[in-house]
Amino acid sequence: MIGRWKIVLVGAACALGPGRIAGQKPPPLLNPAESKRPRLSSTADTNDWEAYFDYGVSRLRGDPRGAERAFYWASRLEPSRSEPLYGRWVAYWMRFPGWFEEYVEERPRALESPNIIQVDSLYQRALFRNPLTPRTLHILLYDQLPGRWGRDPLTLAVLDYGAGKFDGAAAGFGKLVRDDPVKHYRVRYWQALCFTATQRYDSAAAEVGALLEELRRRDEKRLAYWYESKELLEYSLGLLQLARGNRAAARAALQQALLENLAFYPAHAALGDVALGAGDRASGLSEYAQAVELGGDDVGVRHRYAQVLAQAGRHDEAELQLRKVIELEPLFAPPYYTLGTVLEARGLPEQARAAYSDYVQRAPSLAPLIPRARARMAELSGVKADSGGAAPRDR
């Protein structure tokens with residue numbers, strides 16, 4: 001779907017572009033060990049992923065390496081969000097526009113490079129978290145390529161989208177589809193992104209549904225890249241139907257995503273939410289267990305599974321999952337609060353109080369659960385004093 005929207009006016013020597021030298025291999029991502037935490041302004045909340053994300057966006061043009069570091073830290077503070085992972089993907093290509101040009105042109109030495117595969121895994125993980133996340137930063141990648149922007153309808157719609165003018169972009173993409181639905185069927189995907197950004201979920205679902213119908217008619221497995229595969233589109237449709245409140249349609253789309261790829265764990269997690277919303281806790285737990293088995297490194301999904309286990313009264317199992325989440329990402333604040341509730345339920349007030357304290361230390365200052373965590377800490381301090389520290393244990 002991502003096409004060359006700029007007219008390249010340079011010769012072969014200039015076409016190599018910055019960051020690419022003939023015979024070289026694509027460079028790797030920044031090493032996390034070398035990703036020093038950026039210093040934010042004195043008024044910034046250094047526990048808030050959005051503070052680092054916004055800083056990263058502000059640095060993309062002038063200091064993409066610094067932006068990549070900021071997005072890395074944002075992704076650690078809130079690993080369940082798509083935006084920081086997408087930001088890291090954009091920042092990498094901002095550092096190496098010449099390689100991005102080869103990537104867009106689908107040249108094998110770029111697409112088959114292990115380093116590029118690693119870079120693309122960031123995009124994959126972002127879309128697993130939210131397949132309809134805004135792609136407005138794409139415009140920066142194309143803007144740095146040689147040449148100038150055209151004035152054709154597709155380019156104008158793309159520029160509107162990149163500027164956050166979603167209504168204008170949707171109108172432009174829509175006219176292209178109406179004028180030639182066969183030629184421009186892929187544009188429906190970007191029109192759906194516009195509608196999602198403006199919370200027009202009915203319209204977005206209609207566009208994704210029409211796109212899937214056309215793909216089936218053509219018997220195509222994907223649009224252009226892996227991240228526009230049918231399972232991801234079915235997953236997108238399922239989430240849109242959930243946003244519309246249509247559980248039956250959401251379930252059907254998510255089940256279709258699994259027919260396309262049974263190992264597609266985000267669909268299992270979403271089906272778990274559909275089941276839980278319908279009051280079917282057993283099916284919800286089963287789907288989440290499957291999602292964790294297939295995508296165990298996704299700490300957001302694993303944390304949600306732990307929450308469902310806790311709600312079901314399976315506190316021992318919930319604690320095991322929470323300990324694993326914290327091992328995978330110790331900066332992620334919400335699991336500490338959940339752990340506090342689980343340890344309280346297990347009759348372990350001292351450990352629960354420590355977990356709540358860990359949450360307060362890591363959570364953004366305006367996090368709504370901080371007052372409750374502090375109240376529980378104070379209450380548990382009283383429990384400790386009254387009981388002489390002899391808390392009951394269930395193990």
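This is a predicted model: local features need pLDDT of at least 70, side-chain atom pairs count only at pLDDT 80 or more; totals for chains, interfaces and linings use all residues.

Colleague: Fine. Which residues is R88 in contact with, leaving aside its neighbours within four places in sequence?

Modeller: With that exclusion, R88 touches L29, E68, F71, Y72, S75 and L122. R88 itself belongs to helix α4.

Colleague: What is the nearest side chain of opposite charge to R88, and how far away is it?

Modeller: That is E68, at 5.2 Å. A salt bridge needs a side-chain nitrogen of Lys or Arg within 4 Å of a carboxyl oxygen of Asp or Glu. R88 has no salt bridge, although R88 is buried.

Colleague: OK, S82 next. Where is S82 found?

Modeller: In the loop between α3 (64-77) and α4 (83-95).

Colleague: Is S82 buried or exposed?

Modeller: Buried, because its relative accessibility is 3% and the cut-off for buried is under 20%.

Colleague: And what is S82 in contact with, beyond its neighbours within four places in sequence?

Modeller: A126, R129, N130 and T133. With T133 there is also a polar contact of 2.9 Å between the side chains.

Colleague: Switching to rings. How many aromatic pairs does the count come to?

Modeller: The count is 21 aromatic pairs. One of them is Y235 with F264, which is edge-to-face at 5.4 Å centre to centre and 80 degrees between the planes.

Colleague: Which parts does that pair tie together?

Modeller: Y235 is in helix α13 (residues 230-244) and F264 is in the loop between α14 (247-260) and α15 (265-277), so the pair links parts 29 residues apart in sequence. Y235 is buried at 6% relative accessible area, and F264 is buried at 3%.

Colleague: What about Y337 and Y359, how are their rings placed?

Modeller: Their centres are 5.5 Å apart and their planes at 65 degrees, so that pair is edge-to-face. Y337 sits in helix α19 (residues 334-345) and Y359 in helix α20 (residues 349-362), so this pair ties together parts 22 residues apart in sequence. Both Y337 and Y359 are buried.

Colleague: Which residues form the aromatic cluster?

Modeller: Y86, W89, Y92, W93, F96, F100, Y103, Y123 and Y142 form one cluster.

Colleague: Last one. Which ring does the charged end of R362 sit over?

Modeller: The ring of Y336, at 4.4 Å from its centre.

Technical notes: Residues are numbered from 1 along each chain as its sequence is written. Side-chain values use heavy atoms; hydrogens and water are left out. Helices (H or I, at least four residues) and strands (E, at least two) are DSSP runs, numbered from the N terminus. Buried means under 20% relative accessible area, exposed over 50%, partly exposed in between (1.4 Å probe, protein chains only). Contact means heavy atoms within 4.5 Å. A polar contact is a pair of N or O atoms within 3.5 Å; within protein, one must be able to donate a hydrogen and the other to accept it, and residues adjacent in sequence count only if both atoms are side-chain atoms. Rings of Phe, Tyr and Trp (its six-membered ring) pair if their centres lie within 6.5 Å; planes under 30 degrees apart count as stacked, over 60 as edge-to-face and the rest as tilted. A charge sits over a ring if NZ of Lys or CZ of Arg is within 6 Å of the ring centre and within 35 degrees of the ring normal. Lys and Arg count as positive and Asp and Glu as negative; His and the chain ends are not counted.
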